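Let's go through this one together, step by step. Have a look first, and then we'll talk.

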Amino acid sequence: GLTGQLGDPNATLTLFAPPNDAFNAAASRIGFGDGAAMINALSSPQLAGILGFHLVPRRLSFAELQSFGNPGGERPATLYSFRGVAAQLIFIAQNDQLNIWDGVGRTSITMTQTDLAATNGVIQVVSDVLLPRGVLTVSQMLRANIDFFARYSGAMSPQLIAELNGPGPFTLFVPQDT
């Protein structure tokens, strides 16, 4: 559903693009064999949400993004909406590096290539797939946050995984590994 926007010569866009191996790594964490299996298994709204979370409808240079990492820095809105509000990207400047906080709480996502110019915007290559809130199932969210919930995720039975991938709604109280 983003082809029109990405191909619009009059648009001004910033695409945070993860490489193929990042899709494979995200798929493995979430419980799919590889990136292609994940893309084929996700519903159209789930996939549109993930991809829309990588797209900001304005051109943002790396220099601008660096200023966003300071306390009180701007949080640019993406094309993905959660509960009727455009989801924002949050940048964190740490030790001369700019990290991105995604919607599932990971802060280790970095930019590996910057300011790849296109006629209708710019591409910023990121180290991992940005996962927004409200797209994944409860089970998938746990595995997406494997850095925090590895013990709980590893202890889940196949039956519990299947149930948490179901329609819900569910509220799950999960202790972090620490």
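**Reading helices, strands and a loop**

A: Let's start with helix H4, residues 44–52: its buried residues are Gln 46, Gly 49, Ile 50 and Gly 52. Buried means under 20% relative accessible area, exposed over 50%, and partly exposed in between (1.4 Å probe, protein chains only). Helices (H or I, at least four residues) and strands (E, at least two) are DSSP runs, numbered from the N terminus.

A: A word on the source: this is a predicted model, where local features need pLDDT of at least 70, side-chain atom pairs count only at pLDDT 80 or more, and totals for chains, interfaces and linings use all residues. Residues are numbered from 1 along each chain as its sequence is written, and side-chain values use heavy atoms, with hydrogens and water left out.

Q: What do the buried residues of H4 pack against?

A: An α-helix has 3.6 residues a turn, so residues three or four places apart point the same way. Here, the buried residues of H4 pack against strand S2 (55–56), strand S3 (77–82) and H6. Contact means heavy atoms within 4.5 Å.

Q: Is Thr 137 buried or exposed?

A: Thr 137 is buried, at 18% relative accessible area. You'll find Thr 137 in the loop between strand S8 (121–126) and helix H6 (138–144).
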